[in-house]
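This report describes selected features of a predicted model. The sequence and structure are shown first.

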Amino acid sequence: MKHVVLAHRIDHYQQRLQALYFKKKFAERLAEAKPKIEAILLASKELCRSKRLKQLLEVVLAFGNYMNKGQRGNAFGFKISSLNKIGDTKSSIDRNITLLHYLIMIFEKTYPEILTIQLDLLHLPEAAKVNLAELDKEMNHLKNGLKALEDELDYQKGHVRDPRDRFVSVMNDFITVASFSFSEMEDLLSEAKHKYIKTLKHFGEDEAKMQPDEFFGIFDTFLQSFNEAKQDLENMRRKKEEEERRARMEAMLKEQRDKERQLKKAKAGGISEEVGEFDDLVSALRSGEVFDRDLSKLKRSRKRSGNQVAESGRERAVTKLNY
């Protein structure tokens, strides 16, 4: 209760508390706003300077004119919002392939440098998150806070204070530094807005109808789709290579199995022929033909015996030879 009474005795107690709170949060709020302003400025510069983006847009325009030949061909340009329709145009043959996939295949063969377009647009994702209206609102809050602090400082300077009261000296030092920092931020924001408007005009867009988050968001969405399509093509190639590798392995295994079967058949045929020759020899010994100088008879007998084995399909029993 004692502290409450003492607080009420302090002149402009509420204004002092507000000033102290503003001082505490000022650097943090300024630090949060600065990257957003820089993102708009840098992304605007990158879009205007990117040679890869310029080349990509030229190819898209040429491709669109070719597809619309005889209808809406020979266009001099197109709205950037049309970029994100490329990924929605599907092939009539393969529904997994879009016009964007096809464009990337063309880039791979003819304009490979376009495939690394992200290197030209590093600040685009952050710029796509910036709401300029909210940023302006935050900057106005900081500006009004500094003005209120200056007014309170002037009030305190014009009234008698306790010698131990350090409010004026502390706030005087703070407002000197804070005003300079805020002035730099205002200049940066002004430059970012100016560059952003020039970028809008560069791409033929209306500054009154296109906010930074929407404008940069179109390019950011396109680049995300671009990366996904590149990955899709890479996955398709890997899948095709894997299928071809598997097909080659299956063909090799089939060829090996066929060779093994043929080898088994050849071995089985050799054994059958050897058994037949042995039986012929036994028959020749019994008949005395083996001692005949005219071997043609023996050969004819062997041939005849072989034919009989083939026709009957039965395995001939091996006769034991008794001496």
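With which residue does R245 form a salt bridge, and how far apart are the closest N and O atoms? The partner of R245 is E242, and the closest N and O atoms of this salt bridge are 2.7 Å apart.

R245 and E242 both belong to helix α8, where three residues, or about one turn of the helix, separate them. R245 has a relative accessibility of 41% and therefore counts as partly exposed. E242, at 32% relative accessibility, is likewise classed as partly exposed.

Another pair in helix α8 is D258 and R261, which are also three residues apart, about one turn of the helix. The side chains of D258 and R261 meet in a salt bridge with an N to O distance of 2.6 Å. D258 counts as partly exposed at 25% relative accessibility, and R261 counts as partly exposed at 46%.

The model contains 14 salt bridges by the rule applied here. One of them joins R237 to E108, with the closest N and O atoms 2.4 Å apart.

R237 has a relative accessibility of 32% and so counts as partly exposed. E108 has a relative accessible area of 31% and is also partly exposed, because values between 20% and 50% fall into that class.

Helix α2 spans residues 13-49 and includes Y13. Y13 has a relative accessible area of 36%, and is therefore partly exposed. Together with L17 and L20, Y13 forms a nonpolar patch on the surface. The accessible area of Y13, L17 and L20 together is about 270 Å².

## Packing of helices α2 and α6

The axis of α2 comes within 9 Å of the axis of helix α6 (residues 132-157), and the two cross at roughly 150 degrees. This angle makes α2 roughly antiparallel to α6, because angles over 145 degrees are assigned to that class. The crossing of α2 and α6 is left-handed.

Methods. Residues are numbered from 1 along each chain as its sequence is written. This is a predicted model: local features need pLDDT of at least 70, side-chain atom pairs count only at pLDDT 80 or more; totals for chains, interfaces and linings use all residues. Side-chain values use heavy atoms; hydrogens and water are left out. Patches are made of residues with over 30% relative accessible area and no salt bridge: like charges are joined within 9 Å, nonpolar side chains (Val, Leu, Ile, Met, Phe, Trp, Tyr) within 5 Å. Accessible areas come from the Shrake-Rupley method with a 1.4 Å probe; for residues, only the protein chains shown count as cover. A salt bridge is a side-chain nitrogen of Lys or Arg within 4 Å of a carboxyl oxygen of Asp or Glu. Helices (H or I, at least four residues) and strands (E, at least two) are DSSP runs, numbered from the N terminus. Buried means under 20% relative accessible area, exposed over 50%, partly exposed in between (1.4 Å probe, protein chains only). Axes are lines fitted to C-alpha atoms, for helices over the stretch in contact, and angles run from 0 to 180 degrees between N-to-C directions. Angles under 35 degrees count as roughly parallel, over 145 as roughly antiparallel, 65 to 115 as roughly perpendicular and the rest as oblique. A crossing is left-handed if the near helix is turned anticlockwise from the far one by less than a right angle, and right-handed if clockwise.
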